[in-house]
Amino acid sequence: MAETLELWFDFSCPYAYLASRKAPAMAAAAGAELIWRPMLLGGVFAGIGAGQGPMATLGAAKATHNARDMQRWAELLGVPLRVPAAHPMRTVRALRTLLALPAARWPTAIDALYAAYWQRGDDITQDDVILAALAEIPEAASALARADDLEIKAELRARTDEAIALGIFGAPAWVVRRDRAIVPGPASLATILIWGQDRMPWVDAVLAGWNPDAEPPPGGPRPIGFGAQGFHSPRSLELYFDVASPFAYFALTQIAALGKLAGVTPKLHPILLGALFRDIGQVDAPILEMTAAKQTYTQRELVRWSNWWGVPFKWPVKFPQRTIAAQRLCLLAGDDPTLPLALARAIWAEQRDVSDPAVLASVLASVGAPESWLERTQDPAIKQQLIDEGVRAREAGAFGVPTFVVDGKHLVFGQDRMELVMRMLGGWDPIA
């Protein structure tokens with residue numbers, strides 16, 4: 001299969017830096033040609049209406065988590081990373097210098113400029129710093145001298161515009177291109193966009209022939225623990241969730257298997273996501289507030305998670321939904337994930353409205369829970385318990401769902417970080 005793997009990047013993104021260190025080996029292992037695609041990330045943000053980008057508007061809890069997250073990924077990937085005091089720095093000058101270099105010099109130059117930014121913390125806005133970083137490249141001085149040429153400026157703008165046209169909204173972005181003459185079917189098979197350094201297993205699977213929008217990966221679905229050996233330890237696992245979230249739904253599809261693999265019983269914490277959002281000043285339905293490009297991609301990713309893990313998914317007819325009664329029922333279920341998963345599945349696979357008491361009664365019956373629990377959702381003690389769980393979530397540092405807490409100290413956000421949770425349960429104790 002004729003393929004190319006493009007890595008779209010900007011030196012200012014730490015996750016793109018991490019991806020850049022792994023991309024050559026990934027392409028080589030798949031027999032694909034690696035093509036470096038520099039773009040101006042700030043220009044992408046401006047072009048898609050994202051202002052200064054998501055980092056500019058992060059709440060305190062999410063900013064703290066993101067800082068830990070990048071350090072965890074660096075540790076896991078074995079890549080040195082130090083956030084410069086001046087981060088984020090303007091990278092226009094460095095990007096233009098790269099564009100002015102012969103393409104054969106790009107791999108060396110990219111490594112060198114990333115090392116300057118994310119290993120040494122050098123100020124790559126300065127010409128002398130750029131020249132020092134590129135000291136081993138004979139054409140560096142002449143390339144820097146051309147950084148203000150109209151031709152080079154226009155090329156960076158054109159590359160940034162191309163990124164926007166592809167649907168890119170952040171970095172790193174991977175684009176796998178296949179030979180249309182070899183791969184029959186729709187155009188989506190010929191050009192596949194994947195976002196994030198945390199999706200490298202997806203990139204590997206696409207390079208092996210996976211169409212993530214239509215089928216399971218080669219070899220079948222890959223649920224949590226796929227190919228892993230069971231392990232038992234005294235570690236604890238907590239999960240904060242609201243069935244109103246599709247991401248929490250996906251986490252609930254995997255939590256029982258994760259607990260069994262790790263030899264732990266996960267402690268389930270139902271919360272009201274809307275109440276948490278109000279408490280921390282977040283909008284009620286963040287997915288509806290995303291830029292058009294990110295919203296389109298996120299909708300596609302939900303289908304990809306469904307295919308990756310082999311679980312059903314359909315966007316509900318009604319969204320968002322009120323889940324107060326459903327979450328109170330989850331409290332009554334204790335730490336058994338059966339009912340929470342059934343309620344989440346009712347929304348995210350069966351397109352049902354869990355604010356309807358008749359639907360709740362049907363779901364209760366399907367898992368063998370007593371219908372009398374519906375009346376108990378009006379119990380003042382249950383109401384207060386749900387409020388208390390929300391307070392506990394906020395105090396733990398949660399800013400969304402699903403949120404995991406391992407050993408009472410490692411907070412991990414997102415169903416796309418469950419592999420990190422699994423590693424922690426298996427004995428990994430990250431520095432961050």
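**Entry 1: a helix crossing.** I began with helices α3 and α19, whose crossing is left-handed. In a left-handed crossing the near helix is turned anticlockwise from the far one by less than a right angle, while clockwise makes it right-handed. I noted that this is a predicted model, where local features need pLDDT of at least 70 and side-chain atom pairs count only at pLDDT 80 or more, while totals for chains, interfaces and linings use all residues. Residues are numbered from 1 along each chain as its sequence is written, and side-chain values use heavy atoms, with hydrogens and water left out.

Helices (H or I, at least four residues) and strands (E, at least two) are DSSP runs, numbered from the N terminus. Helix α3 covers residues 60–77, and its axis comes within 12 Å of that of α19, crossing at roughly 65°. Axes here are lines fitted to C-alpha atoms, for helices over the stretch in contact, and angles run from 0 to 180 degrees between N-to-C directions. I then looked up who touches whom: D69, R72, W73 and L76 of α3 meet L420, R423 and M424 of α19. Contact means heavy atoms within 4.5 Å.

Entry 2: Two strands count as paired if DSSP finds at least two bridges between them.

Strand β7 (residues 403–406) runs antiparallel to β8, and four bridges join the two. In this pair I found T403 opposite F413 of β8.

Entry 3: I looked up another open sheet of four strands, ordered β2-β1-β3-β4, and its pairing is mixed. Its edge strands, β2 (33–38) and β4 (191–195), each pair on one side only. On average, neighbouring strands of this sheet are turned by 20° against each other, direction ignored.

Strand β1 (residues 3–9) pairs with β2 in the parallel sense, over six bridges. I found E6 with I35 of β2 as its bridge partner, and W8 opposite R37 of β2. Together with helix α1 (residues 14–30), β1 and β2 make a right-handed β-α-β unit. A crossover is right-handed if, with the strands pointing away from the viewer, the path from the first strand over the helix to the second runs clockwise.

**Entry 4: salt bridges.** A reminder to myself: side chains of opposite charge can pair when their charged atoms come close. A salt bridge is a side-chain nitrogen of Lys or Arg within 4 Å of a carboxyl oxygen of Asp or Glu. How many salt bridges does the model have by this rule? The count comes to 28.

I picked D148 and R93, whose side chains meet at 2.9 Å, N to O. D148 sits in the loop between α7 (140–145) and α8 (150–165) and R93 in helix α4 (residues 92–100), so the pair ties together parts that are 55 residues apart in sequence. D148 is partly exposed at 41% relative accessibility. Buried means under 20% relative accessible area, exposed over 50%, and partly exposed in between (1.4 Å probe, protein chains only).

I also looked up D122 with R120, where the closest N and O atoms are 2.9 Å apart. D122 is partly exposed at 24%, and R120 is partly exposed at 41%. I found R345 and E350 in a salt bridge too, at 3.9 Å, N to O. One network of salt bridges links D69, D198, R199, E301, D416 and R417.

**Entry 5: F313.** I located F313 in the loop between α13 (292–309) and α14 (324–332). Is F313 buried or exposed? It counts as buried, at 15% relative accessibility. Leaving aside neighbours within four places in sequence, F313 is in contact with P246, Y249, F250, L302, V303, S306, W348 and A349. Between F313 and A346 I noted 33 residues of separation in sequence and 9.9 Å in space, C-alpha to C-alpha.
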